[in-house]
Structures are given as structure tokens and as C-alpha cells.
Amino acid sequence: MATKPLAIVAGVGPGTGASIARKFAQAYSVVVLARNADNYNGVVNEINSYGGQALGLSVDVSDSSSLKSAFDKIAQQYKDAPLAAAVFNSGGGFVRKPFLELTEEEFAQGYKSQGIGAFNFAQRTLPLLQKATSLTHPPTLIFTGATASIKGSAKFSAFATGKFALRALAQSLAREFGPKGVHVSHVIIDGVIDIPRTKEWANEHPDGKLDPGAIADAYWHLHTQPRTTFGFELDLRPYAERW
């Protein structure tokens, strides 16, 4: 369908994922992945309406067969497009609950959505990224982390376990694939993101929430870093966030 480079964003909703898709769509064709089509239809239609190229696919990244089906469709539609960037932005597995009230299924879901989901996504994207060595910017794989990636707070044991696993995977992949020319990064999102769902959440500062558009700008900055200056981890938080 398209010969210009491709970016794939997994975990697209009305906030960060959509903003990342918009940012990368300024330079590339974009494929956005989410379980529910309602999460990506708006941004796909928006990008296509202003002359960009976007495709949305419903997929469960923690299910390898579901992800394989999605990548088969991507290969058919964008067979000549090199993969320039891939972003794992899944927020699944979020549970806030006292540990002794957690079920085994709830605990396992944190690891399944983050650890297994990221594993599946990386296995599908890295072979394609390794082939894209002659583009303007180094091929890039970015994982979205959270405060829970480095701090297991009370009542967040399930979510923190998944995010710790995600960070460990990203770190290992950065060490393995960086020397092969693929830039692997992990971004810690520390704070509440300013999205429709959080509009009414109290905040003592009118600009005390993370701007999803600014997050997308930071992801693009990581993607455009040269091979001589790969940044692995980036912390993003509002100026007033206590940390």
C-alpha cells in the first residue's frame, strides 16, 4: 500500500497512544493496535482525514496467535514499507488492591499484559526493525513504563510485577540489539496523564498532569537520537510531581 516507512503503536486510546500515533504519522504510515476498535477509530480517521496513512487493528498483544494475525495483515498491506519505529504502550493489568485480597488471576494478569505482551510485541517487531538500517533515524523500539516500573507501592503488587518485568525485558533487549543498530528505550511515566478519563481528577496545580502531546514529543526525540547517543531510559513527570 505504502512505500514510506512504518510505525506501529500497540496500546492506543484517547490519550498517550493516540498522541504518539499522531506524532509519528507526520513522518510515517502508522498502524495502531488495541483490543477495542473504539479506542483507535477516532485517531485513525483523524490521521487519514488530513492526508496521513493510518490503519487500526483489534488485537490482544498478550495472545501470540492474535498478534500473529495482526502482523500478517500488516505484512500484506505494507509489504514494501520498512519498520522505522515500534511503541509498546499497553496499560493493561492495572490493579490496585490489598495483596491478601488479590486473586491469582488478577496477579497473573499484570505479568501477562505487560511481560508477555511486551515479549510477543518485541518478537514480532525486532526482526523487522533489524532490516530497517538505511533510514534517516535508527530503527527504534520504545516501551512505556510507569512509576510502578521502579517502585512497588503498597496495593500495587500485581501491576508493579508486570511493569518490573517490562523494564527488565527492555533493558535486556537494549543491551542485545543496541550493538545491532536498533535503539531500544524504556520511558517511565510518573504521574497522572491529562486524558478525558482524568479531567475531573483533583489536582492542586492546573498544569499538574502529564500532557500526552508532550509525551509523544519525547518519544519522537528518542527515535531521532543518533547511533552515537542512544538513551535507554527517560523519566517524564509534571514539574509538581512528588518523587
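Predicted model: local features only at pLDDT ≥ 70, side-chain atom pairs only at ≥ 80, totals over all residues.
Local features need pLDDT of at least 70 and side-chain atom pairs count only at pLDDT 80 or more, while totals for chains, interfaces and linings use all residues. Residues are numbered from 1 along each chain as its sequence is written, and side-chain values use heavy atoms, with hydrogens and water left out.

**View 1. Strand S2 (residues 29–34) is covered on both faces.** Strands here are DSSP E runs of at least two residues, and helices are H or I runs of at least four, numbered from the N terminus. In S2, 6 of 6 residues are buried (under 20% relative accessible area, 1.4 Å probe, protein chains only). Ser29, Val31 and Leu33 sit on one side, with Val30, Val32 and Ala34 on the other. In a regular strand, side chains alternate between the two faces of the sheet.

**View 2. S2 pairs with strands S1 and S3.** Pairing takes at least two DSSP bridges. S1 (residues 6–10) runs parallel to S2 over 5 bridges, and S3 (residues 54–58) also pairs with S2 in the parallel sense over 5 bridges.

**View 3. The lining of the second largest pocket draws on helices H3 (64–77) and H4.** A pocket is an open set of points on a 1 Å grid over the protein atoms alone, where a 1.4 Å probe fits, with protein on both sides within 12 Å along at least five of seven lines; lining residues have an atom within 4 Å of a point. Of its 14 lining residues, Ile74, Ala75, Tyr78, Ala81 and Leu128 lie nearest the centre. H3 gives the largest share, 4 residues.

Conventions
Buried < 20%, exposed > 50% of the residue type's maximum accessible area, 1.4 Å probe, protein only.
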